[in-house]
Protein chains: 2
Amino acid sequence: MRPVPADYRRKLLWPGSTQLAPVPAVLAGCGDGTPESPFNLITIAWTGIVCSTPPMISISVRPERRSCELIRSTGCFTINLPPASLAATVDWCGVVSGRDHDKFAERNLTPLPGTRVSAPLVAECPLGLECEVRRILELGSHTLFLAEIVAVQAAETLLDAGGRLHLDKAGLLAYAHGHYYELGRCIGHFGFSVRKKPGPRIRR
Amino acid sequence: MRPVPADYRRKLLWPGSTQLAPVPAVLAGCGDGTPESPFNLITIAWTGIVCSTPPMISISVRPERRSCELIRSTGCFTINLPPASLAATVDWCGVVSGRDHDKFAERNLTPLPGTRVSAPLVAECPLGLECEVRRILELGSHTLFLAEIVAVQAAETLLDAGGRLHLDKAGLLAYAHGHYYELGRCIGHFGFSVRKKPGPRIRR
């Protein structure tokens, strides 16, 4: 077994804070394209999967954000996984407001229609999730939306001839402690620690 | 502006699924160390921050897992961020059951006491969050725990002389589409897209 790294044993105690990492950094699409509810984008790191069956996702948004109103009024949103090449756009969509900016137009992003929701997807992102809000909880600084993922749109170029998704080719973005990262070296697949290694063949 | 990558425009449509990525891959500690509620660990990818003030986190656990009972009965858990060097242990803790294994002992991990919760932290992880359950929702295949992060324990060796955390030194683990990854190149910090670049000095 690997030795215990003695240098991690001594810990300092802090008050509670949002130190989960790494987390996703995704573009949430919202609005339905009408004058009252124009298409908008907001960068979200406070998101996670909350259920496998049915597939459900959570996103948390400050109620004062334009996107919070749009998601509440339309009952839907999309989650778009950006490649690391879009990091500056992802950052910008998180710091400016949809009240002052047409984020799709100003960042040269292309809205794609959802098949099950009125919110737009982002063509430049390799994977988009269409989400219908099921529950809304007010937690404090943030409104929590629990939503069912009702459809997924995946870029054809990430699929092999057998239709299998190769998400490692997408160059996805991660966020940790205030910084954006590319994904690095792949270490193993789920279950690799218990996979039986092929042993020498023994004649019996 | 960057050109629109034409190869992401053509999308295939799939039914809804849990395709958020990358997500964290963390070790949740639970149990209180009594014979009825022994210390246990479970690997969790279905987690996310749900509120900044108060700091809150969600984890989703299948009700048939031993850890789900332990978290429900003790009302608390810990979230430990593992370095990529622990990837095999993280994987193993996600595929075997605490009913059959003492995961701390078998993987040579060291339980550290929480200061606010009875659940154990993992000494070998550079950052640990102590979490008190506030709400429990049954969503389908998974039970969703919404918890307040009431304390954080951080490895001293990740702090600089000014007490600032350098989480990039921790070599954290990410999970995407069934594979574990190291974090790669740092692209920028939050707000980098709008930071004013220092211009040439102009005498006036």
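The copies meet through the same surface, because 100% of the interface residues of chain B are also interface residues in chain A. This is a predicted model, in which local features need pLDDT of at least 70 and side-chain atom pairs count only at pLDDT 80 or more, while totals for chains, interfaces and linings use all residues. Residues are numbered from 1 along each chain as its sequence is written, and chains are lettered from A and ligands numbered from 1 in the order in which they are written.

**How the chains meet**

The contact draws 95 residues from chain B and 95 residues from chain A, where two residues are in contact if their C-beta atoms, placed from the backbone, lie within 7 Å. On the side of chain B that touches chain A, strand β13 (residues 179–189) of chain B gives the largest share, 11 residues. The classes on that side are tabulated here, with Gly counted as polar.

| Class (members) | Residues on the side of chain B |
|---|---|
| Nonpolar (Ala, Val, Leu, Ile, Met, Phe, Trp, Tyr, Cys, Pro) | 56 residues |
| Polar (the others) | 27 residues |

A:Tyr181 has B:Cys186 as its bridge partner in β13(B).

**Inside chain A**

Chain A has 3 helices and 13 strands, taken as DSSP runs numbered from the N terminus (helices H or I, at least four residues; strands E, at least two). Of its 204 residues, 50% count as buried, that is, with 20 or more other C-beta atoms, placed from the backbone, within 10 Å of their own.

Which residues of helix α1 (residues 66–74) of chain A are buried? They include A:Ser67, A:Cys68, A:Leu70 and A:Ile71. These cover an arc of only 165° around the axis, which puts them on the same side of α1(A); the arc is that of the directions from the helix axis to the C-beta atoms. The buried residues of α1(A) pack against strands of chain A including β3 (26–30), β4 (40–44) and β11 (143–155). After α1(A) comes A:Gly75, with a positive phi near 70°.

Technical notes
Pairing = 2+ DSSP bridges. Buried ≥ 20, exposed ≤ 12 C-beta atoms within 10 Å, placed from the backbone.
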